[in-house]
Amino acid sequence: MANTPHGGVLKDLHVRDEHIHPQLAAEAETLPYVTLTERQLCDLELILNGGFSPLEGFLSEAEYASVIETNRLPDGTLWTIPIYLDIDRTELDRLGVAVGERLTLRDPRDDQPLAIITVSDMYQPDRVVEAEKVYGANDQAHPAVHYLFHQTRDTYVGGKVQAVSPPQHYDYVAIRRSPAEVRALFKKLNWTRVVAFQTRNPMHRAHRELTVRAARMRHANVLIQPVVGLTKPGDIDHFTRVRVYQAIMPKYPNGMAQLSLLPLAMRMGGPREAVWHAIIRKNFGATHFIVGRDHAGPGKNSQGEDFYGPYEAQELVLQFKSELDIEVVPFQMLTYLPDTDEYEPINEVPDGVKTLNISGTELRRRLKTGAPIPEWFSYPEVVRILREANPPRNKQGFTVFLTGLHASGKEAIARALQVALNQEGGRSVSLLLGETIRHELSSELGYTKRERDINVGRIGFVAAELTRAGAACIAAPIAPFAEARQHVSQLVSKSGGFYLVHVATPLDVCIKNDRAGVYKRAIAGEIKGFTGIDDVYEAPENPDLVADVTKAPISQIVHEIILLLERDGYIGDR
């Protein structure tokens, strides 16, 4: 029999409001609306389907304050993470929102109405207090604290919601189950004792061993419930992770385990989040919940120390054991013993026994370089999926971004580099020259700083997409402003390599090389705001390469760029 929901009743708002669905759907089209953020979308989905029972909406000011200070709702029910609807005050004023009025909440992906909120109050939080109370420190090295100060809007809106429609998903639909559906699955399978396992990472042999041990110890079945909402920035995408989970499921004995996805927006809140995760799994019907080492920990703080102790999350969950009414299965990290070909908890390994382990950092290095990943660590099927999603450097894309004054020679370097990379082969090569982009993508733009930044941003977007597709991209705009260049670097670096080359040819040489006479017109005052004459060029402070066509021939400059690419493994075989 599935576990009792938190608070005693599963708050499935779709079921509750089904009898008035036509009226709600019609009303939603007439109301002012707000478009949800990605985090709000995840939160709303779990409010509507009962995953966040006993919540029936976003926290009021009194509920928020109670959760922040006491880990409880005002009625005393245990709840550790504040769930709020943050909206800009200017947007609320524009909509004319007042207490008691109703707003439609729309999906940011397809603009469909998902719910109607009746506004109970609007309040401004103390973000420093929220950071310190919920996450343990006002330190923006913590991803949730950084989100709080940089992405959360200034006003929190509280209120109950009514369900209009669930968010529409197009990926892995068969294994996206609501709490009611998971409970029905348990009933169909006649599962009465279920150990839930939370993960935001790919699973390997140690994870399979850990979950099987938990099932064996508690005479239970296993629910693998990975998070497919927001996780820690830099995590492997959920498409890759779900393919890994699907590949590992046949490794369990027949009938032992089921896979079901959870659209949760994680906060990486360590101890408080572990309690929250236990509550959510209780709502999904699990009777047991695995809490591992540094559960939901975000890593290092700004002083280079762990935000939370390795077993702090386990301790807090055990503290609330009687209220949670879900049995915690605490586990230490498992390590591999090569002499006996088995995994054991690290604290149970006798002194002197040889152990092996591969850290997450080391795994990423092996994926990046193509180094072997042993079968004792992971299954070949899993490694194949991870290698497809994380190809070695010589299969990844990159962008070489040449910046410099007009007629500095950057276009000639770019064309020569394109020839050299085409000769190298192995990937397509695209050339984005400044004037070409101006003509094809930015013909409506002028030359103010804002318009220049927009133009460079467009170049960055195209370069990032080409890089993500595994191509070599060569961009050669003037790009006079450091902030815009940094924006391009951030865009591209998410998908591959980025190399900033400053073509630092002196201005007098650029003027001499300007056969079109543009500099002459700018000096005469016929052209205003011309970079290098009456508008600033912010020279890069830390480029990957500084080139000057008066000091080295173009062939040598291209060769130095090729050497950079070879050094980092983007070209050549190793």
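In which kind of crossing, right-handed or left-handed, does helix 18 pass helix 19? In this predicted model, the crossing turns out to be right-handed. Helix 18 covers residues 449-468 and helix 19 covers residues 482-493. Angles under 35 degrees count as roughly parallel, so that is how helix 18 and helix 19 are described relative to each other.

As for who touches whom, helix 18 brings Asp453, Val456, Gly457, Gly460, Phe461, Ala463, Ala464 and Thr467 to the contact. From helix 19 come Ala484, His487, Val488, Leu491 and Val492. Sorted by class, this contact of helix 18 with helix 19 has 8 nonpolar residues, along with 4 polar and 1 charged.

In soluble globular proteins, nonpolar side chains tend to be buried together. Here, the largest nonpolar core holds 74 residues, and Phe52, Leu105 and Val161 have the most contacts inside it. Helix 11 (residues 270-283) supplies the largest share of this core, namely 6 residues. There is also a second, separate core of 40 residues, with Ala214, Val228, Ala257 and Leu261 among them.

Thr37 sits in the loop between strand 1 (33-35) and helix 3 (38-49). Its relative accessibility is 16%, and the cut-off for buried is under 20%, so Thr37 counts as buried. Leaving aside residues up to four places away in sequence, Thr37 touches Pro108, Tyr147 and Arg153. Thr37 and Gly158, 121 residues apart in sequence, are 16 Å apart in space, C-alpha to C-alpha.

Note on methods
Residues numbered from 1 in each chain as written. Predicted model: local features only at pLDDT ≥ 70, side-chain atom pairs only at ≥ 80, totals over all residues. Heavy atoms only, no water. Core = buried A, V, L, I, M, F, W, Y, C linked by side-chain atoms within 4.5 Å. Buried < 20%, exposed > 50% of the residue type's maximum accessible area, 1.4 Å probe, protein only. Helix = DSSP H or I, 4+ residues; strand = E, 2+ residues; numbered from the N terminus. Axes fitted to C-alpha atoms, helices over the stretch in contact; angles between N-to-C directions. Parallel < 35°, antiparallel > 145°, perpendicular 65-115°, else oblique. Left-handed = near helix turned anticlockwise from the far one by under 90°. Contact = heavy atoms within 4.5 Å. Nonpolar A, V, L, I, M, F, W, Y, C, P; charged D, E, K, R; others polar.
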